[in-house]
Amino acid sequence: MMRKLPKINQLKNLEAIIQYGSIRAAAQALHQTQPAMTRSIQELEKILGVVLLVRGVRGAVLTEMGRIFEPRMSMVINELERAIDELEQIERTFQGTVTLGCSHLPAFGIMPAVIKKFHERYTTTRITIIEGQLSELLSSLRLGRLDFFIGVVTPDISLHEFIEDNLGIAEFAVIARKGHSLIKKTSLSELRGAKWYLPTASTGYFSDVERLIFPSRKETRASIIYGDSMSIAEQLILNEDYLFIGPKAMLLVPHLNEIASIIPVREKLPNGNYKLIYRQQQILTPIAKRLIDDVRFAYLEFMKQS
């Protein structure tokens, strides 16, 4: 006998409650009544035979069983939406949505031009770009919330379920504004008391680099801000004298080359291995494949200049 399966609208309702934090807010967002939303969740819990939510004064919170169910539920919803999107793209000749993650070099060096040209060909395509390091975006990539990721990949992050497309090796350096008081320093030890803006990374390349700069973190007097916004990084570097770790190729960007310089420390920072990755079991939509081809070509052309 086939087990009864949840309805998609029940899953979408649960997803909305998780997103908005309460049944009331989720009902308003989805233009439903609160009783209808409550019945939907009760029916879902009855089908699954477990309690998914606990209602409290601060809203709805997932139970332990709810936390176990949520990732696979999200994957089902994402894959179904992706399948519908793929059919629409084929039917309407490359229309649809693409969501990708990328670290700062692609975001700053190549993506603006790539997106501009891409949108000139596919004017109705919706593209979402999320900046960040692989360690921070990996769960979204695994759950299918991202079509693909471009950035530095290191062996300490397991990628056995992904297809890895090697883009190239990039040399990294300490970057500061031109005229910075530390611009002529030649050792990392002379920079440890400076102000730093470092990419957010729980593991991977930038976690390793941070340990290289600050071998004894307890002794450092440095002021460190973590983030993945290149616009914030640019403002902190230019206006607040923060230092930044980035690929030397970033200075190939004309306006950056005019305002930033490399601090010539004698210690060699590890090279960054840039890759384009996506899940093996994920069937890329036609529009995502086209964008990947454009990104790959633009990245290789950009790196030839370095």
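**View 1. The largest pocket has a volume of about 270 Å³.** This is a predicted model, in which local features need pLDDT of at least 70 and side-chain atom pairs count only at pLDDT 80 or more, while totals for chains, interfaces and linings use all residues. Residues are numbered from 1 along each chain as its sequence is written, and side-chain values use heavy atoms, leaving out hydrogens and water. A pocket is an open set of points on a 1 Å grid over the protein atoms alone, where a 1.4 Å probe fits, with protein on both sides within 12 Å along at least five of seven lines; lining residues have an atom within 4 Å of a point. Volume is the space filled by probe spheres set on the points, which are joined across faces, edges and corners. Of the 13 lining residues, Asn78, Glu81, Arg82, Gly144 and Arg145 lie nearest the centre. Helix α4 (64–91) gives the largest share, five residues; helices (H or I, at least four residues) and strands (E, at least two) are DSSP runs, numbered from the N terminus.

**View 2. The second largest pocket holds about 220 Å³ of space.** Its lining includes Gly109, Lys117, Asp293 and Phe297. Here α5 (104–121) supplies the largest share, six residues.

**View 3. Five strands form an open sheet in the order β9-β8-β10-β7-β11, with mixed pairing.** Two strands pair if DSSP finds at least two bridges between them. At the edges stand β9 (223–226) and β11 (260–263), each with a single partner strand, so one side of each has no neighbour in the sheet. Look in β9 for Ile224, the bridge partner of Trp196.
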